[in-house]
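Here is a short briefing on helix packing and aromatic pairs. Have a look at the model first, and then we can walk through it together.

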Amino acid sequence: MKISTKTIVMVGMFTAVLSVLSILTIPMPTGVPVTLQTFAVALCGCVLGWKRGLSSVVIYLMLGTVGVPVFAGMTGGPSWLASFSGGFLWGFLFLSALCGVGMMQKNIILRLLFGLAGLAICHLLGVIQFSMVASSSIPVSFMAVSVPYLVKDVISVVGAFLVALPVRKALFAARILTEKNHGTMRTGEMGER
């Protein structure tokens with residue numbers, strides 16, 4: 001598969017955006033901080049499409065795993081993938097991919113449903129891993145690490161879709177994103193005017 005310079009730059013740029021938005025954190029007693037990661041991950045998928053958005057998240061996870069301080073609060077290392085909040089990191093893969101698939105849909109409700117399905121998978125993985133690491137039940141873990149974040153995360157996904165529309169329009173106009181390299185319909189065909 002031939003990868004263009006534009007694609008490499010866009011994937012790298014959105015990996016950087018995700019890394020920067022992960023720095024700002026509000027610590028929580030559960031060990032799962034409040035961050036802007038959900039918004040950034042959803043934005044990667046919404047703007048770049050599922051393949052390139054997923055690539056941005058994979059690179060982000062790889063950088064963090066090898067110790068580059070890109071995870072919440074400028075942390076990194078392989079232990080984070082097995083930590084209290086590690087399930088959410090794994091869930092970011094599904095969130096980004098499904099937001100990207102959602103952007104391929106003409107119907108705005110379907111777009112949001114795909115994004116929210118990705119968010120649900122992200123939360124499910126987060127709850128399961130927290131439950132295993134903390135040795136607590138699934139309902140207790142759900143109340144501890146999912147419920148307090150749900151409103152913020154739903155707003156983040158919806159916000160990412162709204163921000164993505166003008167960003168995608170500008171990138172299509174500049175011919176940085178195209179039908180061929182983006183895997184979606186052109187802006188005008190999707191009703192993004």
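Y60 has 0% relative accessibility, so Y60 counts as buried (under 20% relative accessible area; exposed is over 50%, partly exposed in between, with a 1.4 Å probe and protein chains only). Please keep in mind that this is a predicted model, where local features need pLDDT of at least 70, side-chain atom pairs count only at pLDDT 80 or more, and totals for chains, interfaces and linings use all residues. Residues are numbered from 1 along each chain as its sequence is written, and side-chain values use heavy atoms, leaving out hydrogens and water.

**Aromatic pairs**

- The structure holds two aromatic pairs (ring centres of Phe, Tyr or Trp, the latter by its six-membered ring, within 6.5 Å; planes under 30 degrees apart are stacked, over 60 edge-to-face, the rest tilted).
- Y60 and F71 form an edge-to-face pair, because their ring planes stand at 70°, with the centres 5.5 Å apart.
- Since Y60 sits in helix α2 and F71 in the loop between α2 and α3, this pair ties together parts 11 residues apart in sequence.
- F71 is buried too, at 2% relative accessibility.
- F84 and F130 have ring centres 5.5 Å apart and planes at 50°, so their pair is tilted.
- This pair links distant parts of the chain, 46 residues apart: F84 is in the loop between α2 and α3, and F130 in helix α4 (residues 108–134).
- F84 is partly exposed at 35% relative accessibility, whereas F130 is buried at 8%.

Conventions:
Helices (H or I, at least four residues) and strands (E, at least two) are DSSP runs, numbered from the N terminus.
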